[in-house]
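Hi there,

As promised, here is the structure we talked about. Have a look at it first, and then read on for my notes on what turned up.

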Protein chains: 2
Amino acid sequence: MEEIFRIQLDKDGTLPLYQQLAEEITLLISDGFLQADSKLPPIRKMAQQLGVNSVTVVNAYKYLEQKQLVYSRMGSGTFVSPLPVEHIPAPVASRNLRSFGGEVAVEHAINFSSTSLPHEMFPVDAFKKAFNEVLDREKGGAFRYMDSMGYAPLREQLCRYLDSYGIKTTVENVQVISGAQQGIDLISKAMLRYGDVVFVEKPTFYGAAGAFLSRGGKLVEIPLEQDGMDMMKLEDYLKLYQPKFIYMMAYFQTPTGISYSMEKKRRLLELAEKYDTYIIEEDNFCDFHYGKEPIVPLKALDYKNRVIYIKSFSKILMPGLRIGLMVLPKKIHQAVMEAKYTTDISTSGFIQRALEGYLRENGWEHHSEEMRKYGSEKYRRTLSAAGKYLSGLVKYGRPGGGISLWMELPEGVGAEAFCSRMLEKNVILTPGSQYDLSGEENSHIRLSFGNLTDDQIEVGLKRMGDTLREMGKG
Amino acid sequence: MEEIFRIQLDKDGTLPLYQQLAEEITLLISDGFLQADSKLPPIRKMAQQLGVNSVTVVNAYKYLEQKQLVYSRMGSGTFVSPLPVEHIPAPVASRNLRSFGGEVAVEHAINFSSTSLPHEMFPVDAFKKAFNEVLDREKGGAFRYMDSMGYAPLREQLCRYLDSYGIKTTVENVQVISGAQQGIDLISKAMLRYGDVVFVEKPTFYGAAGAFLSRGGKLVEIPLEQDGMDMMKLEDYLKLYQPKFIYMMAYFQTPTGISYSMEKKRRLLELAEKYDTYIIEEDNFCDFHYGKEPIVPLKALDYKNRVIYIKSFSKILMPGLRIGLMVLPKKIHQAVMEAKYTTDISTSGFIQRALEGYLRENGWEHHSEEMRKYGSEKYRRTLSAAGKYLSGLVKYGRPGGGISLWMELPEGVGAEAFCSRMLEKNVILTPGSQYDLSGEENSHIRLSFGNLTDDQIEVGLKRMGDTLREMGKG
């Protein structure tokens, strides 16, 4: 800083020097010259350069810290605070909706933006049986009003599912929801007050961010590393803000595909306890794990009841059911139930009853296994085609699960431009900007392979490679 | 006022007299001595009594008006403003949930609190056929993700339904929702900002009030008369606040059962246009009309696109479908669609498809007619039993539709106490306090007769009459 910005203090001025210094730094921050997380000069150096006592600098930094404009990390120095995001730029928001519409409308393109599984995989026959059994057994009773928490026998079945992933809970902690997105929305409704801060991963899922923002939440982004959030930064920011909750995905995160290490999961829980906050763990893809290591959701480690676990069944079963579950800490049961009531009274009792029947008759194992095998096969195919056509051009991790890859484009190739170019060649990709609250991310794309034939994967990736070469890369 | 409260002005004080007077009145309002809508003394009288110039009083009243503490009605004088309600008292909120739970749990009592229709009336066989047809035709495709606005062929069918009530609209204005409560919630999400004012009827439906409040809305109550809101007061308050919308039910209002006169409907639309606001018209019971007059929803008169129409199918079809519709002014399409997406992505596509098939095969007429006949018969029975057992004890209107009566208890009988007493006799009633934002209403009960046998209606009303007599009434 000291080389670029000349700070001028008026030693004969009426304002104390420390305050003058603080105001100069505030201006540099608000004008964007000092970015979030950039380090302020060490106290002595700053004092020396300005020709003031170091107490002046200490006081200026303290003053800025009180105003949440900077934070200090023990032994490392003082850093500029991140500014909470209060709005998503409009183009990003509407692009998301278009892309979502794309899942329905674009039939002939090779669509790497759909995170659905092919509907030929859906267990329709078994559900048909379950629907008819419910209708024959309950008749009109199947369509009565339903308890806002959900159908008790279904919640029992769901506890069995949870148990298979090491989540020990009981029926009264399980809330049935109309899909994971509703879960996020209900938690926001129940707990978020205007102006509250929520921590999210960077990059993160726009649907959740949109729900938080629509409740007047402010978002602070915590950078992701290969094994989860940057825990150092998380703690810095926890000292600075008091977030209502921390939103994350422990496995095959949207969009990066990363999974948290056991160490970071444990650390995250410790920090939530230490700074008295909750964690929202959203789980869409746990069931699609292709390695041999056991799956341990954050919730399975949650002895202190800090985790709100939200499970979608849209991927492992079928999106059109619009059913998911939440496991809730006892303290927030009542608030969430009331939020559910004023949101939509309850999730369809008919579908809840059918799902209960389906699970009772069929269990999870067989269908899960089939879906996992299917996903794993597509994953292998995609990696192999990527190796063939994109090697040396594009960088990507091997998430070991899920149905997407997060790819870094060669330097100088903008993701937005590349996606537009691919669209002309009838290949739909999702640009990374969609998962970036500032909308500025322009080096990554997300490639979802779950809903494509092997041929489409092959052709799509070949076209990507060709295009990159046309653009003078590789 | 002048007789009860002595206002003291300090003629030698530093504060101008008009401001002293304004502050005295402010204190009387904030201490609750001057209630909403009470009239301030006429200017001359006030001036005379205080021994000040009448300009002082004019200025004081103007000052209070600027601060929204009073409002003036041309030619009538100056009145105390209503204070917007920002929270529902906790006991009311939880009582609502208990009572809702009651619909499910209490099997042996005579339950006059359920607004469901008996599930034996639900068109289950026809729906069973529709569900199976969808599954056979679309297979897994029935469970794909669905456009957030809803299934287009269903929206076409819904336009036909709307047309039968004189609501001319087209598919792009129709949004499918997971029940009317979700409609209220979505509109709030799309349009309400923290601190915005919403006008509601007094008394009103707690579910809607809860949704508005949970979005940081402030509620202002407009008293209901026999033929709709007090239009004079509505305009007074429209001058005072700029409500984001006015929430109302044009037919068989919850809880009073009143319907708006044609004159008041027209006036309401004029005022919405004049003061640039929207009206949310919720319609749950239009189809249950027992008279010969044609039904004209507010939306059918809405040439200026001021009405957001929300239709529930929970009563006329079945609650467990969790499907309803909204007709939206074009200006708010996009915002509502985005709100729907971040709320639950879409309403179950499977159920939407089945409903479309059901409507295509069966139309509305036959089933509606059956439901109407059924409701009408119960209505007749209830009025006849009420005439027999409650005559001279209890006052009530004849709404000519719906499945509830709003009854005023004899003087000196508190609704809460009466409901408790009836509960001991195994009769469940809803106290009026449930529909009152202050929770203070204690003279009315709501009696819903849609889900009871003729015998239960007879026995229940007889027990009510006996109890009132035991309490020394009649």
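Counting over all chains, the structure holds 68 salt bridges. Please keep in mind as you read that this is a predicted model.

**Salt bridges in chain A**

Glu221(A) forms a salt bridge with Lys202(A), and their closest N and O atoms are 3.5 Å apart. Because Glu221(A) lies in strand 6 (residues 218-225) and Lys202(A) in strand 5 (residues 197-202) of chain A, the pair ties together parts that are 19 residues apart in sequence. Glu221(A) counts as buried at 16% relative accessibility, while Lys202(A), at 34%, is partly exposed.

The other example joins Lys264(A) to Glu225(A), again through a salt bridge between side chains, at 2.5 Å from N to O. Here helix 10 of chain A holds Lys264(A) and strand 6 of chain A holds Glu225(A), so parts that are 39 residues apart in sequence are tied together. Lys264(A) has a relative accessibility of 10% and counts as buried; Glu225(A), at 34%, counts as partly exposed.

There is also a network of salt bridges that links Glu377(A), Lys378(A), Arg380(A), Arg381(A) and Asp454(A).

**Where the chains meet**

How many residues of each chain are in contact at the interface of chain B and chain A? The contact involves 54 residues of chain B and 54 residues of chain A. Between them the two chains bury about 5000 Å², with 65% of that on carbon and sulfur atoms. Four salt bridges are found across the interface of chain B and chain A. Lys128(A) forms a salt bridge with Asp136(B), with 2.5 Å between the closest N and O atoms. Polar contacts across the interface come to 23 residue pairs. On the chain B side, helix 4 (90-105), helix 5 (124-138), helix 7 (180-191), helix 8 (206-214), helix 11 (333-344) and helix 12 (349-362) each supply at least two of the residues that touch chain A.

One aromatic cluster has members from both chains: Phe127(A), Phe131(A), Phe143(A), Phe350(A) and Tyr358(A), together with Phe127(B), Phe131(B), Phe143(B), Phe350(B) and Tyr358(B).

**Aromatic rings**

Over all chains, a search finds 48 aromatic pairs. In one of them, Tyr206(A) and Tyr435(A) are tilted, at 5.7 Å centre to centre with 40° between the planes. This pair links distant parts of the chain, 229 residues apart: Tyr206(A) is in helix 8 (residues 206-214), and Tyr435(A) is in the loop between strand 15 (430-431) and strand 16 (444-448) of chain A. Tyr206(A) is buried at 12% relative accessibility, and Tyr435(A) is buried at 4%.

Phe285(A) and Phe288(A) make an edge-to-face pair, because their planes stand at 65° with the centres 6.1 Å apart. Phe285(A) is buried at 4% relative accessible area, as is Phe288(A) at 0%.

Helix 8 of chain A is mostly covered, with eight of its nine residues buried. After this helix comes Gly216(A), with a positive phi near 80°.

In chain B, two arginines lie over rings: Arg73(B) over the face of Phe79(B), at 5.5 Å from the ring centre, and Arg306(B) with its charged end over the ring of Tyr278(B), at 5.8 Å from the centre.

**Backbone details**

Most residues other than glycine have a negative phi, and most peptide bonds are trans. The peptide bond from Thr254(A) to Pro255(A), however, is cis, with omega near 5°. Pro255(A) is in the loop between strand 8 (245-248) and helix 10 (262-274) of chain A. In chain B, the bond from Thr254(B) to Pro255(B) is cis as well, with omega near 5°.

Asp37(B) has a positive phi, near 70°, and sits in the loop between helix 1 (17-30) and helix 2 (43-50) of chain B. Gln68(B) also has a positive phi, of about 60°, and is found in the loop between helix 3 (54-66) and strand 1 (70-73) of chain B.

Enjoy exploring!

Best wishes

Technical notes:
Residues are numbered from 1 along each chain as its sequence is written. Chains are lettered from A and ligands numbered from 1 in the order in which they are written. Side-chain values use heavy atoms; hydrogens and water are left out. Rings of Phe, Tyr and Trp (its six-membered ring) pair if their centres lie within 6.5 Å; planes under 30 degrees apart count as stacked, over 60 as edge-to-face and the rest as tilted. Helices (H or I, at least four residues) and strands (E, at least two) are DSSP runs, numbered from the N terminus. Buried means under 20% relative accessible area, exposed over 50%, partly exposed in between (1.4 Å probe, protein chains only). A charge sits over a ring if NZ of Lys or CZ of Arg is within 6 Å of the ring centre and within 35 degrees of the ring normal. Contact means heavy atoms within 4.5 Å. Buried area is the accessible area (1.4 Å probe) that two parts lose on being put together, summed over both. A polar contact is a pair of N or O atoms within 3.5 Å; within protein, one must be able to donate a hydrogen and the other to accept it, and residues adjacent in sequence count only if both atoms are side-chain atoms.
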